Amino acid sequence: MSGYIQEDLSPEELAHRARLASSIAGSVRDLIDATVRTEVDEADIDEARRLIEAATATLRKDQLPGPFGIRFNTDGTKRSWGNAVLGRRNPIAPPVVLHHEPDVSWTEVELGAAYEGPAGLVHGGVLALILDQLLGSTAEYQQVPGMTGTLTVRYRKATPLGRIRGEARVDRVDGVKTFVTGTISVDGKVTAEAEGIFILPKWARGDKSDVLRRSVGEG
């Protein structure tokens with residue numbers, strides 16, 4: 001499958017690249033927040049643009065020909081660092097860090113000014129984005145992965161900007177379809193709930209490799 005890349009990196013090199021990716025994405029994430037909330041004058045805006053354009057030119061000096069994709073290392077680790085929710089390299093990612101337990105997967109993440117919809121509240125589409133990733137990754141962890149077929153989200157109350165908690169569980173499996181449920185909560189109160197149906201694509205069924213089966217949950 002295009003976009004799925006096999007690599008052979010040492011643990012030291014992987015750790016080094018992870019540090020670099022986190023540092024630059026974190027700096028840009030801070031820049032995004034600062035841009036949303038700045039009240040500086042025109043001269044400072046012009047100076048900031050000059051510096052940003054210079055930094056962009058530096059980063060453009062050596063780039064991938066396309067998206068980051070999903071990369072597998074020979075030790076079995078996987079990197080989806082361009083992912084819009086989890087991506088270590090991606091400054092628009094919150095970033096979400098997932099924790100998997102036998103019966104539940106969960107995350108806690110801080111959503112600041114860059115994720116605002118209604119005044120002071122998290123945009124509903126951002127919550128759907130996080131739920132899609134959380135539910136899909138839960139299915140993957142339980143060894144019943146799939147691509148999102150449907151995602152139904154019910155917004156039970158407004159979600160204020162700040163720290164949220166997401167939880168998800170596999171409800172049932174029907175052939176190539178995995179049904180997963182999840183919630184977003186703030187201070188112990190559920191603000192959104194979702195059900196997703198994740199379908200194992202045809203190319204990953206049958207005699208396809210385990211690597212491909214594991215990969216589809218990071219959609």
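**The largest pocket**

The largest pocket in this predicted model has a volume of about 1,200 Å³. A pocket here is an open set of points on a 1 Å grid over the protein atoms alone, with protein on both sides within 12 Å along at least five of seven lines. The volume is the space filled by probe spheres set on the points, which are joined across faces, edges and corners.

What lines the largest pocket? There are 28 lining residues (those with an atom within 4 Å of a point), and Ile24, Leu59, Asp62, Gln63 and Arg89 lie nearest the centre. Two elements each give two or more residues to this lining: helix 1 (11-37) and helix 2 (42-59). Helix 1 supplies the largest share, eight residues. Helices are DSSP runs of H or I with at least four residues, strands are E runs of at least two, and both are numbered from the N terminus.

By residue class, the lining splits into 14 nonpolar, seven polar and seven charged. For that tally, Asp, Glu, Lys and Arg are charged; Ala, Val, Leu, Ile, Met, Phe, Trp, Tyr, Cys and Pro are nonpolar; and the others, Gly among them, are polar.

**Salt bridges**

Side chains of opposite charge can pair when their charged atoms come close. Counting a side-chain nitrogen of Lys or Arg within 4 Å of a carboxyl oxygen of Asp or Glu as a salt bridge, the total is 15.

Take arginine 79 and glutamate 7, whose side chains meet at 2.0 Å, N to O. This pair ties together distant parts of the chain, with arginine 79 in strand 3 (residues 78-79) and glutamate 7 in strand 1 (residues 4-7), 72 residues apart.

**Within a helix, and a network**

Arginine 17 and glutamate 13 also form a salt bridge, with their closest N and O atoms 2.8 Å apart. They sit about one helical turn from each other because they are four residues apart in helix 1. Arginine 17 has 31% relative accessibility, so it counts as partly exposed, and so does glutamate 13 at 28%.

Then there's a salt-bridge network that links Glu108, Glu110, Arg163, Arg165, Glu167 and Arg169. Glutamate 167 and arginine 169 pair up with closest N and O atoms 3.7 Å apart. Glutamate 167 is partly exposed at 23% relative accessible area, as is arginine 169 at 40%.

**How it was computed**

Residues are numbered from 1 along each chain as its sequence is written, and side-chain values use heavy atoms, leaving out hydrogens and water. As the model is predicted, local features need pLDDT of at least 70 and side-chain atom pairs count only at pLDDT 80 or more, while totals for chains, interfaces and linings use all residues.

Terms used: On a 1 Å grid over the protein atoms alone, a cavity is a set of points where a 1.4 Å probe fits but cannot get out, and a pocket is an open set with protein on both sides within 12 Å along at least five of seven lines; lining residues have an atom within 4 Å of a point. Buried means under 20% relative accessible area, exposed over 50%, partly exposed in between (1.4 Å probe, protein chains only).
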